[in-house]
Amino acid sequence: MPAYGPHIGELNDVYMDFGLGTLEVFSWQVILGGPFSGTLMIAFLYPLMGGFIGLLFGDSWEFIKEVIEGIFFAIYKLAFSTGLIALFIGLGVWHHVHKTRATLIPTRFNRQRREVCFMPQGATEPVFVPWESLSAWIIEAKGATQFGIHRQYGMGIGFHHGETLTSLEFQCAGLELAISHWEAIRGYMEYEVNDLKSIQDLQDLQGPDDPPHEGLHTFRNARARVHQEIHEGRRSRLSGFFWYLYHVMTLWTIPNRLVEWEVRRLERIGKQALPEVMRAWSEPLPEEQWAKPSEQLLRLSEQVRRMHKRQPHRPITQIFAEVGRRG
């Protein structure tokens, strides 16, 4: 499966953080644009709809005007208070998530050392585990409801520390997507994935010199692409109009600027929250000190590649299982 890493945060030549993911402009568009758009629609669209209904029934312009004014003065306070409540709820949810991000130390994969650093909940010191001792699994749950069969999937990684299993699990939309999450981790550690753009930027809105997170640059790139598609005839002007309408109703570039501010703040707080031993472990090593994959891993990986080449339509899980049985 192709690698896909929505839960991956920072990624560089030395380490990769897994567990937090990157910030999205869409969340701020919902928090700010949702109450703003809802308030305008309730306060102005409903009165206009009432006037339009009166027009369909052939009422006089004086009566239609009275209907529009009557509906507006009856609901504008409700529209404003509803929008304000929705805004406070959205900001409350954002504050909770932001506080969690600022205090949570993600799992870090160091490919130069071929080690993984876990910070178990409640622990005071991180735990360092050899990469090849890590376990990964996929969870599939199935149950029957009155609406039919309901399935849930997840991807987990972890290790046995004595009698204790330390693990992380993430909900996924499907079995293939769970495998893609693991492929992003495995590909990074085996030097097949080297940047976030290849595993996260599905809309291809990051330029070569742009930062990996969303921000003003993604807005400008999206607008330039809309203009180019209209010029080339691949997008209609009506579609371009709705693109601008959507961004006007979500307060234009304010969400993008807030994402950039949040990224800078979390970077500053996150570096201060890291334990000193984890900071030292994350420093780059001279190339001659880089850890090498074991002979067993190289041998089994080659067997998987050969078997997959001979049987490309066979599920990869069955291939791994057979190679694992053979040893």
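Is Phe18 buried or exposed? Phe18 is buried, with a relative accessible area of 2%, where buried means under 20% relative accessible area, exposed over 50% and partly exposed in between, for a 1.4 Å probe and protein chains only. The model is a predicted one, in which local features need pLDDT of at least 70 and side-chain atom pairs count only at pLDDT 80 or more, whereas totals for chains, interfaces and linings use all residues. Residues are numbered from 1 along each chain as its sequence is written, and side-chain values use heavy atoms, with hydrogens and water left out.

In soluble globular proteins, nonpolar side chains tend to be buried together. The largest nonpolar core holds 24 residues, and those with the most contacts inside it are Ile8, Phe18, Phe109 and Ile185; such a core is a set of buried Ala, Val, Leu, Ile, Met, Phe, Trp, Tyr and Cys residues joined through side-chain atoms within 4.5 Å. At least two residues of this core come from each of several elements, including strand 1 (8-11), strand 2 (15-18) and helix 3 (175-189), with helices (H or I, at least four residues) and strands (E, at least two) taken as DSSP runs numbered from the N terminus. Helix 3 provides the largest share, five residues. A second, separate core of ten residues includes Ile31, Leu32, Ala102 and Val263.

Aromatic pairs were assigned to rings of Phe, Tyr and Trp (its six-membered ring) with centres within 6.5 Å, planes under 30 degrees apart counting as stacked, over 60 as edge-to-face and the rest as tilted. By this rule the count comes to 18 aromatic pairs. The ring centres of Phe18 and Phe109 are 6.4 Å apart and their planes lie at 90°, so this pair is edge-to-face. Because Phe18 belongs to strand 2 and Phe109 to strand 3 (residues 107-110), the pair ties together parts that are 91 residues apart in sequence. Phe109 is likewise buried, with a relative accessible area of 0%. Ring pairs also link Phe18 and Phe109 with Trp131, Phe170 and Trp182 in a cluster.

A stacked pair is formed by Tyr191 and Trp290, at 6.1 Å centre to centre and with 15° between the planes. Tyr191 is partly exposed, with a relative accessible area of 35%, and Trp290 is partly exposed, at 25%.

Charged side chains also accompany aromatic rings, a charge being placed over a ring if NZ of Lys or CZ of Arg is within 6 Å of the ring centre and within 35 degrees of the ring normal. Arg108 lies over the face of Tyr15, at 3.7 Å from the ring centre, and Arg111 over that of Tyr188, at 4.4 Å.
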